[in-house]
Amino acid sequence: MSSLTKVAISPHIHSGRSTSGIMLDVLIALLPATIAGTVIFGLKSLLVVAVCLICCVGFEALFNIIAKSKRQTVTDLSAAVTGLLLALNLPANIPLWQCAVGSLFAIIIVKCIFGGIGKNLVNPAIAARVFMLVAFGSMATAAFPVNADAVSGATPLAAEKMPSLLTLFLGNYGGAIGETCTAALLLGGLYLLIRRIITWQIPVVFIATVFALSFLMKGFDVTTALSLTMSGGVFIGAFFMATDYTTSPPTAWGKVIFGFGAGLLTCLIRYYGTYPEGVSFAILFMNILNPYIIRWTRKKVFTEGGSK
Amino acid sequence: MASYLTGIITPHRKHTKKSPTIRMDVPKTVTIPMEMHIGKPAIPTVKVGDLVKVGTKIGEADGKISSNIYSSVSGKVVKFVEYLLFNGFVTTAAVIESDGEMTMEEGLTPPTVNTKEDLIEAIKASGVVGLGGAGFPTQVKFDVDPEKVDYLIINGAECEPYVTSDTVTMLTRGDDMAYALQTINRAMGISKAIIGVESNNKKAVRAMQILADAVIWPDVNVKVLPPVYPQGGEKVLVYHTTGRKIHANQLPIDVGCIVVNCTTLAAIGAYLKTGIPLVEKCVTVDGGAVKKPRNVMVPIGTSLEDLFNACGGLTVEPAKIIYGGPMMGITVPNTSASVLKNTNAALALTAKEAKLPKTTACIRCGSCVNTCPFGLAPISIAEAYDRKDVDALKALHVTTCMECGCCSFVCPANRPLVQKNKLSKQLLKDIKEGENK
């Protein structure tokens, strides 16, 4: 044989894991919450999802074309994940043009101009949600389930009486499309854990911290603490938003600190701040702290120490 | 002992595990390079036209870190050629035309080994180098104060996919290994030996346990290792067998250990028993392009082409030809390359097997950090290398990297991580050498 074959540095095989595969798994994990949201809040939820998805993917594609990026990154599905996550964090009755503006903020301002995937400082969906919370009045009033009498009202955290634990678990109460059904979010979170897309530290520590602090701060009552833990987007935040690779630490201890910080801030903002909800702000703040957490929790190298 | 170091689960693809080892027909010619080891190349001791036999010395070790080279066939030295080594350097190689007889050199007798000096001399005369792949002249490892050695650690961890030649050694050459262990014990007084074998290699574990029971002196223990890549890395193996950490700038001897690959040990044993130096090698021939994957006993210097032909030839044009396993093996551009002393496998991978995904942007998932057995941060090293930040590279302990490739294997963006580690190590080495000049 005279022809030459390719020479390359090892390794010559690969695990087969890919960014698009991971993103696809996240999209699959968000399906139960999307379906639950559609059942609870009606078909208009799907419209919000569609607009956010199309806008996020479209803006990313557009940015890559305008910026003359060497590689179109739309196919990695990360923009689709941002779009779906953003939609699930919005109330079903939000004006669709606001969805488009939110998507623009998430993709262009938060992600693309900082360098695209892997370079954003904060989670695009979270940042966009916070931006919309500040910018648009429609965010403060949550959509109510289609079977409820009222059209809109305050989220349970701002209401005087909390729904029952079963209602909170199944999600048949007012809130953003994807945040109310705890059961669906747990199912999706479990899928992510089984597929090893995420590890247990951030969601478990985050949720446990919220529960423990709610118990301590809200009258030592288990039912109240459970209600507070299952509402206000803690589960979607803990499983899907706080676990974003780019804006959370890689090491196990870093994740524990991140989860604890997010839980602590959630409770402080909720119970002592002016906003009824704290999850988005808490995660956003922890995103900003992330580089420091990474530095504090750097792994000890095996060969460190010893002679010489 | 602390928990096991992290690693990866690789596909095993050990297709050759069950097929019997064959002995290939004598090749028409062999090309034997004078540099099949780390250190100085050997000095040729024959000239064109000389008649040689199996076991005739054709290259003399040049200095301490070097190794003797022996003819693997009987026949005539027809020429010396320039041989391109896979590291890009060129060395001299003797081309020997075989007479097909495989006549043994006369007067090969087992050496008498009673002292450390005898042992070192014997290993040097055997031409044995690290056969697991490193090719470090083995006698150098034993040139230490015997008082300092607590353990002789035998590397039976064959963690690379495809490769089964060490398993063949453990299953069939236990007697050679035992003989070497006993002789080393007598010469050096090393009283404890540990053989590390992965738990999923059950037959080898059993074979080594039989060996351990049979050998009374030294005291041999079999340590069953987790079936996680990389177990065969020196630092990993020493840690998992003894719990001792080899720190930066240390060698195994600094923590009281000598590490020898099981096939290297068997080769030493064979020489001590018979006086026949290292002239042939058991090589795993595998990969999707190979018609009949199997282990082959092959004279050193045989071309890969002859070797593949002994396995039914190649069914398709291979995408990559690799010396060693796919995780750390080295590619060669064509099949004219020779089987070297430290060749444990020759793989001809199809395009499908060797396909790597496209490299995309890092998503900071942390897989590389969490997978690295040594707790390095490969992505940070890669970024520091890109900006040629020497201080950062030092602070990130890049020299600790054993180049196992776990980081690149798991990276969902298929970033060239271990590749950048290698470049970083070279960069630091170049700078250090520049300072010393």
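Two strands count as paired if DSSP finds at least two bridges between them. Keep in mind throughout that this is a predicted model.

Q: Over how many bridges do strand S7 and strand S8 of chain B pair?
A: Pairing calls for at least two bridges. Strand S7 (residues 75-84) and strand S8 (residues 90-98) of chain B run in the antiparallel sense, and the number of bridges over which they pair is nine.

Q: Which residue of S8(B) is the bridge partner of Gly75(B)?
A: Gly75(B) belongs to strand S7 (residues 75-84) of chain B, which pairs with strand S8 (residues 90-98) in the antiparallel sense. Its bridge partner in S8(B) is Ser98(B).

Q: Which are the edge strands of the open sheet in chain B?
A: Four strands form this open sheet, with antiparallel pairing, in the order S2-S8-S7-S4. An edge strand pairs on one side only, and here the edge strands are S2 (29-33) and S4 (51-52) of chain B.

Q: Which residue of S6(B) is the bridge partner of Lys57(B)?
A: Let's come to it by way of strand S5 (residues 57-60) of chain B, which pairs in the antiparallel sense with strand S3 (residues 43-44) over two bridges. In that pairing, Ile43(B) stands opposite Glu60(B). Two bridges also join S5(B) to strand S6 (residues 69-70), again antiparallel. There the bridge partner of Lys57(B) is Tyr70(B).

Q: How are H8(A) and H10(A) oriented to each other?
A: The axes of helix H8 (residues 201-217) and helix H10 (residues 234-241) of chain A come within 8 Å and cross at roughly 155 degrees. Angles over 145 degrees count as roughly antiparallel. The two helices H8(A) and H10(A) are therefore roughly antiparallel.

Q: How many of the residues of H10(A) are buried?
A: A residue is buried if 20 or more other C-beta atoms lie within 10 Å of its own. In H10(A), the buried residues include Phe235(A), Ile236(A), Gly237(A), Phe240(A) and Met241(A). The helix H10(A) is mostly covered, and its buried residues number eight of eight.

Q: How are H4(A) and H5(A) oriented to each other?
A: The axes of helix H4 (residues 96-111) and helix H5 (residues 124-135) of chain A come within 9 Å and cross at roughly 130 degrees. The crossing is right-handed. For H4(A) and H5(A), the orientation is therefore oblique.

Q: How many residues of the contact of H4(A) with H5(A) are charged?
A: Among the residues that make this contact are Phe105(A), Val110(A) and Lys111(A) of H4(A), and Ala128(A), Phe131(A) and Met132(A) of H5(A). The contact residues divide into ten nonpolar and two polar, and the charged count is one.

Q: Where is Pro218(B), at the cis peptide bond with Trp217(B), found?
A: A cis peptide bond joins Trp217(B) and Pro218(B), with omega about 10 degrees. Chain A has a cis peptide bond from Ser10(A) to Pro11(A), with omega near 0 degrees, and Pro11(A) lies in the segment before helix H1 (19-41). Pro218(B) is found in the loop between helix H5 (202-214) and strand S11 (219-225) of chain B.

Q: Is Asn249(B) buried or exposed?
A: Asn249(B) is not a glycine, yet it has a positive phi of about 65 degrees. It lies in the loop between helix H6 (234-242) and strand S12 (257-261) of chain B. Asn249(B) has 12 inside 10 Å, so it counts as exposed.

Q: Is Arg364(B) buried or exposed?
A: Arg364(B), also not a glycine, has a positive phi of about 55 degrees. Its place is the loop between strand S17 (345-349) and helix H9 (367-371) of chain B. With 23 other C-beta atoms within 10 Å, Arg364(B) is buried.

Q: How many residues on the side of chain A that touches chain B are polar?
A: 35 residues of chain A are in contact with 52 residues of chain B. The chain A side divides into 13 nonpolar and seven charged residues, and the polar count is 15.

Conventions. Residues numbered from 1 in each chain as written. Chains lettered and ligands numbered in written order. Predicted model: local features only at pLDDT ≥ 70, side-chain atom pairs only at ≥ 80, totals over all residues. Axes fitted to C-alpha atoms, helices over the stretch in contact; angles between N-to-C directions. Parallel < 35°, antiparallel > 145°, perpendicular 65-115°, else oblique. Left-handed = near helix turned anticlockwise from the far one by under 90°. Contact = placed C-beta atoms within 7 Å. Nonpolar A, V, L, I, M, F, W, Y, C, P; charged D, E, K, R; others polar.
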